[in-house]
Amino acid sequence: MSYFTYKNKQLHCESVPLARIAKQVGTPCYIYSYGALIEHYQAYDQAFAELDHLICFAMKSNSNLAILRAVAQQGGGADIVTGGELFRCHTARVPTDRIVFSGVGKADDEIAYALELGILMFNVESAEELAAIDRVAKRMKKVAPVSLRVNPDIDPKTHPYISTGLKKSKFGIPIKDAMKLYTTSRYKNIRFVGISCHIGSQITQLGPFEQTAERLASLVTRLRKQGVTIENIDIGGGLGITYDKEKPPHQTAYARVIKKHLGPLQTRIVMEPGRSIAGNAGVFVSKVLYNKGQGAKKFVVIDGAMNDLARPALYGSYHEIRTVRQTTARKSKVDVVGPICESGDFLAQNRALPAVKAGDLLAVMSAGAYGFTMASNYNSRPRVAEVLVHGRQYDIIRERESFKDLPRGEHVPKFLVSGRRPK
Ligand SMILES: *Cc1c(COP(=O)(O)O)cnc(C)c1O
């Protein structure tokens, strides 16, 4: 079901016209559908119903407290990669025993924070990290629950920046080395509780997931023979989504493959979907400022930019763009660009778009994941507001930053204030 549809020629999120929200909160802004978010979460929950499972929402895709709370209320947890994300989880009251900590570069203070709160497990990415966790846990007189993140050397057939399961990537531990670490480590403050894996993002075929599951299954079987306890198998991030014409498999097909290979091992299945839960639950709404012709080239200049939504500039990604007011105006090819002083500042290139004029609203679709979380203050642009729609109601779940927020924490040293030049 689509939660973004035209009614009376106006694009709505659930039962609320986007234009109404834009008028109240201003543009640009992110608008999320609660219904879509929950539907996407439940697609996993239902598909994996027959297996003991835990859905740890990859909050790097969307870390707003309201989104985290919504997921937690459904029984889900979080996949975190920093202490800051853990703080957000704690603030949003995500149960700590539903939190997994991923990432190649966990610092001592982040490890200590996670041990203090008591998370489900650390997904450890190197021998040195394992030693560091043991050291911190020992100091705190705790035992750290750990799974090793293995690198199965599988090509996920996605964008190179978001491929993470190949030998050449910085992620995970090669299977052979992981086997050795599991069976020969003698750390007193580490307890192995599982194994984990994440081969990449925006994967639209089942093949790579199936190959990964096969490798994990054989590894877990071998580990058990050596007496290593594996209670959790973390299968990593979720399915790809439709931005343009991609046809990703459904959650039920994914679950079938996982069940076939990992079901017989009788562990809990942990998964870390981000994009497939939040991505198509959100849009980025922006206002047209100018039309600009440059020879044969036409530009639509909008008030949203690469600092608000970085994916097109960062990965050359495609996002569908719709006019908020439905129109039959003739289409022509344009570049949709923002006000930032970079040629990479575009949201679409060579896109057939109906004629628009200053003040018209555009909705950049599929922007709920890796949208706001990647936003920056580049060009001293305040970060935009976020809104959550639920049926006929909507709430501002993050206020637009003000100019005053921009230099927060900055100080001009005394020698510059005095008016004299430094010697
Ligand atoms: C990014 C990431 C995810 C989320 O991937 P999606 O494609 O958004 O589902 C999950 N786990 C890890 C370790 C990640 O780095």
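A residue is termed buried when its relative accessible area is under 20%, exposed when this is over 50%, and partly exposed in between (1.4 Å probe, protein chains only). The structure is a predicted model, in which local features need pLDDT of at least 70 and side-chain atom pairs count only at pLDDT 80 or more, whereas totals for chains, interfaces and linings use all residues. Residues are numbered from 1 along each chain as its sequence is written, and side-chain values use heavy atoms, with hydrogens and water left out.

The whole structure was searched for salt bridges (a side-chain nitrogen of Lys or Arg within 4 Å of a carboxyl oxygen of Asp or Glu), and 13 were found. One of these joins the side chains of Arg383 and Glu401, with an N to O distance of 2.9 Å. Arg383 lies in the loop between β19 (361-364) and β20 (385-390), and Glu401 in the loop between β21 (393-398) and α12 (414-417), so the pair ties together parts that are 18 residues apart in sequence. Strands (E, at least two residues) and helices (H or I, at least four) are DSSP runs, numbered from the N terminus. Glu401 is buried, at 12% relative accessibility, while Arg383 is partly exposed, at 21%. Together with Arg398, these residues, Arg383 and Glu401, are linked in a network of salt bridges.

A salt bridge also connects Arg191 with Glu231 (3.6 Å, N to O). This pair links distant parts of the chain, 40 residues apart: Arg191 belongs to strand β11 (residues 190-196), and Glu231 to the loop between α8 (207-225) and β12 (232-234). Arg191 is partly exposed, at 44%, as is Glu231, at 36%.
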